[in-house]
Structure formats: structure tokens, C-alpha cells
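Let's take a quick tour of the side-chain contacts and strands in this one. Have the viewer open and follow along.

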Amino acid sequence: MRGLGSGLTVWRLLSLRLPPRPQRSPVLWLSSGPAAAGAPERAMDQLLRRTVPAAPAYELREKTPVPAADQCADFMSFYCGLTEAAERAELLGRLVKGFGVDHGQVAEQSAGVLQLREQPQEAAVLLQAEDRLRYALVPRYRSLFQNISKLDGGVRFLVQLRADLLEVQALKLLEEPHVREMNGVLKGMLAEWFSLGFLKLERVTWHSPYDVLQKISDHEAVHPVKDWTDMKQRVGPYRRCYTFSHCSNLEDPLMVICVALTSDISSNIQAIVKERPPSETEERSSISAAIFYSISLIQLGLQGLGLATCILKGTVKELQREFPHLGTFSSLSPIPGFTKWLLRLLNSQAKGHGRNELLTDSECHEISEITEGPVNETLKVCLSSNEWVKSEKLVRVLQAPLMRLCAWYLYGEKHQGYALNPVANFHLQNGAVMWRINWMGDPSLAGLTHSCGMMVNYRYFLEEMTANSTAYLSSKNIKASEQVLNLVAQFQKNSKL
């Protein structure tokens with residue numbers, strides 16, 4: 001949903017974003033010829049030499065004057081002028097490779113620590129040597145980030161810079177191991193500034209500021225908001241919407257969670273986002289379940305900081321405070337990646353021996369009769385175009401195989417021993433139970449495209465969350481319901497993978 005209303009305060013709406021990137025200097029960027037070919041790179045090198053502070057000697061580390069604010073502002077201004085991801089990648093690459101850790105100093109200090117450990121020394125001498133080593137392990141660019149954080153808008157800039165860093169890594173514009181180190185450094189700094197003690201959970205209602213409603217609408221990543229009526233319903237009766245904001249700027253939400261208050265665990269998202277609630281006045285006695293149906297991160301640079309886990313747990317506490325009798329907590333979650341995974345399986349089988357080893361013989365026969373074509377090719381075409389939902393017979397025949405394949409994808413497909421599906425991994429880390437797979441839980445175009453229309457409930461039994469989380473994180477054990485385990489067993493029995 002765009003432009004919720006002319007009454008929005010524009011400056012507040014843009015407060016989470018970086019200032020507009022300035023126009024590039026025509027002399028620096030637009031001149032041609034051999035001499036100009038390296039102009040951007042030379043400008044970057046000059047900028048970094050001017051703005052990245054030199055690492056002071058260990059003895060002077062607390063006595064070095066803070067660089068002038070305009071030096072950090074120069075870096076921010078120059079960076080904001082880079083409109084292409086490749087340009088930002090070039091600058092970040094030069095920063096990380098030219099102003100990182102001094103490996104010579106690390107080797108020297110490490111040798112000193114090892115030598116002291118072999119010889120009896122006072123504890124203070126060894127501790128100081130270890131402190132010198134820690135100091136040597138800090139990359140130079142960290143002091144630039146630290147100085148930027150002290151400027152007005154500096155932390156917001158660093159959040160965006162980390163988002164850009166994640167983007168260029170995803171685009172494989174930067175694959176240096178040092179880039180992963182820079183991401184870790186920024187992540188650690190942001191984790192301190194955005195720790196739970198500095199964050200506040202706030203309920204959003206129809207009477208919340210327009211710009212807050214606009215940001216929630218713009219960044220709804222799971223189920224897009226269509227218009228004002230849709231937005232009003234999502235913050236109205238039998239619904240709750242909460243934001244997580246930093247205490248220093250409560251009007252700039254970092255994360256949003258949307259909840260439906262229902263009588264039972266919902267199996268279909270359309271009943272939540274499209275159907276109107278039973279009445280405009282909540283009957284508390286009819287509310288026995290809280291369904292988390294959307295969790296959206298507004299600031300992408302804060303990925304991996306555990307904010308989603310915090311807002312989930314904070315929301316449970318807030319709901320229990322408002323509804324002490326509330327005992328059922330569950331998500332209604334999408335299954336991104338399932339269709340893509342299934343198509344890869346079908347493609348690999350076609351290249352191998354051409355036989356379908358995902359379906360039973362009777363299922364293959366029924367599908368061939370309906371489609372009048374070879375099963376593998378027909379399935380690939382159908383699942384790629386979503387045409388299959390137009391045939392009631394095909395929908396009926398595909399329900400059983402797709403349900404058990406989906407169960408295996410969620411429960412059995414792993415990455416380093418943990419659930420491959422990112423949404424499943426998130427909820428399982430938090431201690432949820434893989435509760436129920438819902439056929440046609442999301443028949444929208446997006447739902448069909450990503451997960452053949454299926455959704456899944458991850459249920460939270462509050463007294464078991466810690467034990468479930470520990471079992472998953474330490475032993476990689478997935479707690480699942482009888483329905484899911486039965487579907488997994490059917491997959492193992494019927495597939496020949």
C-alpha cells in the first residue's frame with residue numbers, strides 16, 4: 001500500500017532512511033579517457049586515508065584525540081553518493097582490505113603471550129599481554145564506525161551500511177573473508193546499541209500516528225496491505241499489532257508483529273487478512289488463541305541480532321497481561337522455498353533416469369489420466385505456472401503427495417543439521433513445535449508460487465519452550481506433532497529417494 005494519505009508528515013516518514021544520495025561530481029565521475037578511468041578508485045583511497053583514524057600505540061589508546069566530526073561526515077556524504085551496489089562494494093572492499101587488522105602486530109603479540117605462558121610470571125603481566133593482543137585484533141575501520149556512531153544520524157547510517165554489506169555479499173560482489181569479518185564487527189556493535197534493555201514494545205492502533213501506519217504497511221513482508229480498510233482491520237478488533245522501537249526514537253519502528261485473536265488455531269490466512277472479524281466489539285470469552293501471522297523486520301541492517309525472538313517473547317507477555325486466560329499460542333507461517341525445492345527434485349529425476357520416485361504408482365497413474373501427459377514434465381509445468389489449482393481433480397490427487405513432501409521438506413531437509421527452511425529454523429530455535437501443515441492455507445498467487453498454497457503452524461507451549469529450544473540447538477532434535485510425523489513416515493514409505 002502506497003500513500004496512505006496526504007496528511008502524512010513526510011520528514012518523519014523518511015527518518016529511518018539515509019539522506020538522499022548527492023549528485024556525483026562531473027569532474028570526478030563523468031570525465032572520460034585513460035586518466036579518468038581510475039578517478040573513482042583514487043577518490044575512494046584519498047577519502048579512506050583522510051577519514052579512517054590511524055591506530056594509536058597501545059600505550060596511547062585512551063589519549064588519542066577524537067577526529068574532527070567533519071571527517072566522519074565526509075565519509076557518510078561520499079558513501080551516500082554511491083547509488084550503485086557495485087560502487088558501494090568497491091568502497092567497502094577497499095576499506096576492509098586496507099584498514100583491517102594488522103596481522104604483523106597480531107603475530108607479534110601472540111608470540112609474546114605464548115612466551116609468557118611458558119615462563120612463570122605475575123598474573124598482571126600475562127593479563128596485560130593478552131590485552132595487547134585483544135587490542136591488536138581490532139580492525140582499524142572499527143574506530144571509523146565508532147566515531148560515526150557519535151554523529152547525529154550516525155547509528156542509522158551504520159544500520160543501512162550493514163544492510164548494504166549484506167546485499168553486496170548476497171550479490172557476490174564481495175566474497176572476501178575479511179568482508180564477513182566486517183559484517184561480524186558491525187553486527188556486534190549494533191547488538192550492543194540495540195540490546196533488549198534499549199527496546200520498547202508498543203501496540204499500534206487505528207489512532208497511532210499516520211507515519212507509523214505507513215511504515216508498517218510499506219514494510220509488510222509476508223501479507224501485503226492493500227488499502228486503508230485493510231490496515232484498519234489489521235489493527236482493529238480481534239487483532240493486535242506491535243512494534244519494537246529503540247527507546248531513543250519510539251516513532252521509528254524496527255520490527256512489527258501482527259497477531260490474530262481467535263477461538264482456535266487458524267489454518268487459513270485468508271480468514272485472518274481478508275474476512276472481517278465477527279463484531280466490532282471483542283468478546284473476551286471467545287478469544288482462546290493468539291496466532292502470529294506476520295513478523296517483519298523494517299531495518300534490514302539489524303538481521304541476525306535476535307530482535308524477532310525478543311519481539312515474539314515480548315508479545316506473548318503483553319498478550320498474557322491483557323488476556324490472563326489465554327493459553328494457546330501459535331504461528332500461521334508461510335513455507336518459502338518449498339516449490340523451488342520440489343522443482344529441483346523433479347528436474348534432477350528427469351536428468352537421472354526419468355522415473356518418478358516421489359509419488360506412488362497409483363498417484364502417477366491418476367495424474368497421467370487427468371493431464372494426459374508424462375508425470376514429471378506435467379508436474380513441473382503445473383507447479384511452475386500454478387495452473388493445477390484450476391482443476392479440482394488435480395488438486396484432490398496432489399493433496400496427499402504434496403502434503404507429505406512438504407512435511408519432509410520442513411522436517412527432514414537440513415542445513416548443517418538444522419532445518420533448511422528459514423522460517424522453520426526460526427520458530428524451532430525459539431522452542432516451538434512443528435504442529436500442523438495446512439492444505440490450501442494460502443491460495444493466493446504468492447502462496448501457490450512459494451509453497452503450493454500450503455502453510456504451517458508452529459505452536460508454542462510456554463512451559464516447554466526452553467527445553468525444546470535447547471534440544472534443537474544442542475542436539476538438532478525437532479519437536480513435531482503426530483500429524484507432521486505421520487506425513488514424514490508416509491514420505492519415507494512411499495518415496496524412493
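Predicted model: local features only at pLDDT ≥ 70, side-chain atom pairs only at ≥ 80, totals over all residues.

## Salt bridges

Glu-202 is partly exposed, with a relative accessibility of 29% (buried means under 20% relative accessible area, exposed over 50%, and partly exposed in between, using a 1.4 Å probe and protein chains only). Its salt-bridge partner is Lys-200, with the closest N and O atoms 3.3 Å apart; here a salt bridge is a side-chain nitrogen of Lys or Arg within 4 Å of a carboxyl oxygen of Asp or Glu. Lys-200 is partly exposed too, at 40% relative accessible area.

Residues are numbered from 1 along each chain as its sequence is written, and side-chain values use heavy atoms, with hydrogens and water left out.

## Helix α8 and the α4–α5 loop

Two salt bridges are worth a look here. Arg-132 forms one with Glu-59, with 2.5 Å between the closest N and O atoms. That pair links distant parts of the chain: Arg-132 is in helix α8 (residues 123-136) and Glu-59 in the loop between α4 (39-51) and α5 (69-80), 73 residues apart. Helices (H or I, at least four residues) and strands (E, at least two) are DSSP runs, numbered from the N terminus. Arg-132 is partly exposed at 24%, and Glu-59 is partly exposed at 47%.

Asp-131 and Arg-61 meet in a salt bridge as well, at 3.9 Å from N to O. Asp-131 is in helix α8 and Arg-61 in the loop between α4 and α5, 70 residues apart. Arg-61 also has its charged end over the ring of Tyr-58, 3.8 Å from the ring centre (the rule: NZ of Lys or CZ of Arg within 6 Å of the ring centre and within 35 degrees of the ring normal).

## Aromatic pairs

How many aromatic pairs does a search of the whole structure find? The search finds 16, where rings of Phe, Tyr and Trp (its six-membered ring) pair if their centres lie within 6.5 Å, and planes under 30 degrees apart count as stacked, over 60 as edge-to-face and the rest as tilted. One of them is Trp-206 with Trp-228, which is edge-to-face at 5.1 Å centre to centre and 90° between the planes. Trp-206 sits in the loop between β1 (199-204) and α12 (210-218), and Trp-228 in helix α13 (residues 228-234).

Trp-206 is partly exposed at 30%. Trp-341 and Tyr-409 make a tilted pair, 5.3 Å centre to centre with 40° between the planes. Trp-341 is in helix α16 (residues 338-352) and Tyr-409 in helix α19 (residues 392-411), so this pair ties together parts 68 residues apart in sequence. Trp-341 is buried at 5%, and Tyr-409 is buried at 3%.

## Strand β2

Eight of the eight residues of β2 (residues 239-246) are buried, so the strand is largely enclosed by the rest of the structure. Six bridges join β1 to β2, running antiparallel, and two strands pair if DSSP finds at least two bridges between them. Eight bridges join β2 to β3 (residues 249-262), also antiparallel, and β2 and β3 form a hairpin with two residues between them.
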